[in-house]
Amino acid sequence: MKYIDEFNDPDLARRLLDEIRATATRPWALMEVCGGQTHSIIRHGIDQLLPEQVELIHGPGCPVCVTPLDVIDKALEIASRPGVIFCSFGDMLRVPGTDRDLFRVKGEGGDVRVVYSPLDALELARRHPDREVVFFAIGFETTAPANAMAVHQARRLGLTNFSLLVSHVRVPPAVEAIMTAPACRVQGFLAAGHVCSVMGMAEYPELAERFRVPMVVTGFEPLDILEGIRLAVRQLERGEHRVENAYPRAVREEGNPAAVRMIEEVFEVTDRNWRGIGPIPLSGWRLTDAFRAYDAEHRFDVTGIRTEEPAECRSGEVLQGLIKPTECEAFGTTCTPRTPLGATMVSSEGACAAYYLYRRMNAATPQADRAAREEMNPVA
């Protein structure tokens, strides 16, 4: 298969659904780790097509959503300072801090720019030696190599006006935190294929064995996800708990060794706080001492940040898979993409955003479809 359309084939989807129905003889609860997978599931109605025995629980795999509130507030503080060019991916602009977001900072005169790569920010630093250029380095293992490369290049070029505000998180410790939570119902995982394409699968067999859960490395198109579900259900029915690779066109067991080497040169493992979840030991990365000069948090000495989450926002429960977005009383009323209470409503991978956009569109008129898309993308 060479083209995306081939992974949307309805006939193959029906056959996979038939196999899942024939295999599942009892209730099973699977968690998809990645928010990109969540959006694909909701957009294509996969969760509604599955037999009633198979439930999908949406995991915390949206790096925008789990970026801690205090880090968001630090970003807002740095972006508001004169002489700073603050660079970020576009989906961070509407993520609410305690009392504003980056979009508002930009409207108030801050030099906030949307970039498509940390190397774009590095080029801005080269072109504006009189300005401090800060890149908001968030993400899972997938974005870490490019961010590490940007810092590596900045040092090689002798650029002293470039820095990263780092909030990287790691998936395996999050899986462990989910499985040890008292209210955990997860019996199997659809592991994030893009993370494994970088890091490989070496960290997952121990987790599968210790918690006795199947872990199937899964892609992002409908047939990818259905195949991942089929393999996970088959393992559960057989009483197995091992790692399977259902995404071999992108994932090798060893991952990408060159990317891993770059990460290990620039970053070191640290504890990290996850928004809506709390602290998870050894679940993040920070710059090593050798690259500490490029750490925006140290460079700008951002202290005295006091954060406060909206009391009515239940995004933390959504991120932990304890409730579906529609079970939150604020969903679609006081919390919408234009007036978000939490990051899960505005992130391009947030579960609340997926339910708001695609569930409305599925039952909407063409005019309502258009209105929903415009509300999800107000900048455009």
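Predicted model: local features only at pLDDT ≥ 70, side-chain atom pairs only at ≥ 80, totals over all residues.
Residues are numbered from 1 along each chain as its sequence is written, and side-chain values use heavy atoms, with hydrogens and water left out.

The protein has 17 helices and 11 strands; these are DSSP runs, numbered from the N terminus, with helices being H or I of at least four residues and strands being E of at least two. Its C-alpha atoms fill a box of roughly 65 × 45 × 45 Å along the principal axes. The radius of gyration is 21 Å, which agrees with the value near 21 Å for a compact globule of 380 residues. That radius is taken over C-alpha atoms, and the globule rule is 2.2 Å times the number of residues to the power 0.38. Of the 380 residues, 54% count as buried, where buried means under 20% relative accessible area, exposed over 50%, and partly exposed in between (1.4 Å probe, protein chains only). The accessible surface comes to about 16800 Å², and carbon and sulfur atoms hold 50% of that area. Areas come from the Shrake-Rupley method with a 1.4 Å probe; for residues, only the protein chains shown count as cover. Among contacts with a separation of 6 or more, 76% are between residues 24 or more positions apart, a contact being heavy atoms within 4.5 Å.

Strand β6 (residues 162-169) is mostly covered, with eight of its eight residues buried. Phe 162, Leu 164, Val 166 and His 168 point one way from β6, while Ser 163, Leu 165, Ser 167 and Val 169 point the other way. Strand β5 (residues 132-139) runs parallel to β6 and is joined to it by seven bridges; two strands pair if DSSP finds at least two bridges between them. In this pairing, Gly 139 has His 168 of β6 as its bridge partner. The chain passes from β5 through helix α8 (residues 144-157) to β6 in a right-handed β-α-β crossover. Right-handed here means that, with the strands pointing away from the viewer, the path from the first strand over the helix to the second runs clockwise. Strand β6 also pairs with β11, antiparallel and through two bridges, and there His 168 stands opposite Trp 285.

Strand β7 (residues 188-192) runs parallel to β8, with four bridges between them, and Ala 191 stands opposite Val 217. Strand β9 (residues 243-245) is joined to β8 by three bridges, also in parallel, and here Met 215 stands opposite Val 243. Helix α12 (residues 222-238) makes, with β8 and β9, a left-handed β-α-β unit.

Two backbone angles remain. Arg 212 has a positive phi of about 55° although it is not a glycine. This residue is in the loop between α11 (204-211) and β8, and Arg 212 is exposed, with a relative accessible area of 55%. Leu 282, also not a glycine, has a positive phi near 55°. Leu 282 is found in strand β11 (residues 278-287).
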